[in-house]
Amino acid sequence: MHRHVLFIALGLAVAPAISRSAPPESSLTVTAAWTRATPPGTRTGAGYLTIENRGPEDRLLSAESPRAGRVEIHGMSNTGGVMKMWPIKDGLVVPKGGQLSLAPGGTHLMLLELDRPIALGEKLPMVLRFEKAGVVEIELQVMPLGSKGPGSQPASRPGAAIR
Amino acid sequence: MNSRTSLFVLLGLGLIGLGVLGLGLKKRDEPRPSGPFSLTEVKSKAAFTDQNLRGQPTALFFGFTSCPDVCPTALVTAGKWLTALGPDADKLRFVFVTVDPERDTVEKLAEYLSAFDARILGLTGPRLEIERMCGNFGVVANKVPAGDSYNYEHTSLILLLDRSGTLVDSVDFEDREDKALGKLRALMAR
């Protein structure tokens with residue numbers, strides 16, 4: 001009897017894990033994907049996100065958005081009082097069982113030739129291309145100008161959108 | 001502590017002070033008021049020269065409107081500081097200077113600055129004049145190709161000038177607000 005209970009308990013514990021074992025193309029989860037509203041008169045923006053990888057090592061090769069003429073992966077540093085930025089041609093490794101984070105003050109997705117300013121209240125569609133996982137479609141949450149991180153809720157004050 | 005030791009301690013502190021101020025800025029001679037330059041202030045569309053840096057303390061930030069991260073963040077931060085200073089902010093002039101005058105015209109820079117605190121002024125003008133102004137303060141601004149476009153590596157410190165137009169301190173937009181406000185208040189008290 002006790003042995004049966006033990007088996008049932010084991011079965012219950014294992015079942016959800018098995019049902020969640022994902023096919024290879026969905027071993028990546030993109031979270032905290034966000035960008036900032038942009039000031040008028042500029043056609044550039046920066047996108048940030050975190051990619052969690054439950055599968056083998058992969059590589060973020062490129063990104064594109066219908067709102068931007070081009071999206072480039074850029075490295076950035078702000079040390080010693082000087083800001084530097086450079087294109088990253090070979091993509092970014094998403095380590096096996098680890099994560100890749102793109103955040104302010106560092107590596108980001110540079111949005112170039114925006115068709116119009118990014119406004120609070122919209123969601124910016126983007127396609128990420130990975131070496132193994134292929135294409136992943138995401139939406140960037142738009143945070144106010146000057147934000148340092150994503151919010152848990154969509155921007156709640158569309159009236160404050162950048163003019 | 002004898003007088004010689006005091007002298008060395010003072011000398012050491014002085015060197016540390018110069019080192020901190022010198023971060024992100026090219027080596028310069030003795031601090032002195034800005035040399036001549038002539039640019040346009042984009043909101044008033046009036047001339048803005050080195051003479052306009054006198055009479056009132058000034059905070060200067062150099063950047064470009066195509067900069068996606070540091071420049072807008074620094075300008076939003078500057079607006080928060082001005083608000084936190086309250087009425088005292090009227091004693092401070094806050095000026096954004098583009099290092100990319102080819103793309104940042106008077107109209108474009110004025111439009112861009114409309115997204116930030118209305119008290120922030122903007123300067124653009126001929127490249128030579130921008131370079132003269134950068135040279136005055138040891139500001140770094142290097143054009144870097146990026147695909148078929150370009151970016152700038154630039155000094156990201158906010159330079160603090162006393163009422164004679166002399167660079168006396170700097171503040172980083174990433175500094176804690178109380179530290180930054182302390183520096184701004186000290187500048188206004190000079």
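Predicted model: local features only at pLDDT ≥ 70, side-chain atom pairs only at ≥ 80, totals over all residues.
Residues are numbered from 1 along each chain as its sequence is written, and chains are lettered from A and ligands numbered from 1 in the order in which they are written.

In chain B, seven strands form an open sheet in the order 2-1-5-4-3-8-9, with mixed pairing; helices (H or I, at least four residues) and strands (E, at least two) are DSSP runs numbered from the N terminus, and two strands pair if DSSP finds at least two bridges between them. Strand 2 (46-49) and strand 9 (167-172) of chain B are the edge strands, each pairing on one side only. From one strand to the next the twist averages 35°, where angles run from 0 to 180 degrees between N-to-C directions and axes are lines fitted to C-alpha atoms, for helices over the stretch in contact. Strand 1 (residues 38-41) of chain B joins strand 2 of chain B in the antiparallel sense over four bridges, and B:Thr40 stands opposite B:Ala47 there.

Helix 5 of chain B packs on this sheet, touching strand 8 and strand 9 of chain B, and its direction makes about 160° with that of strand 9 of chain B. Contact here means that the C-beta atoms of two residues, placed from the backbone, lie within 7 Å.

How many of the 16 residues of helix 2 of chain B are buried? The number is 12, so helix 2 of chain B is largely enclosed by the rest of the structure; a residue is buried if 20 or more other C-beta atoms, placed from the backbone, lie within 10 Å of its own, exposed if 12 or fewer, and partly exposed in between. Among the buried residues are B:Val70, B:Trp81 and B:Leu82, and the buried residues of this helix pack against elements of both chains, including strand 4 (68-79) of chain A and helix 5 (177-189) of chain B.

Between the chains, 25 residues of chain A are in contact with 28 residues of chain B. On the side of chain A that touches chain B, strand 5 of chain A gives the most, with five residues. Strand 5 of chain A also pairs with strand 7 (residues 149-155) of chain B in the antiparallel sense over two bridges, and the bridge partner of A:Val82 is B:Thr155.
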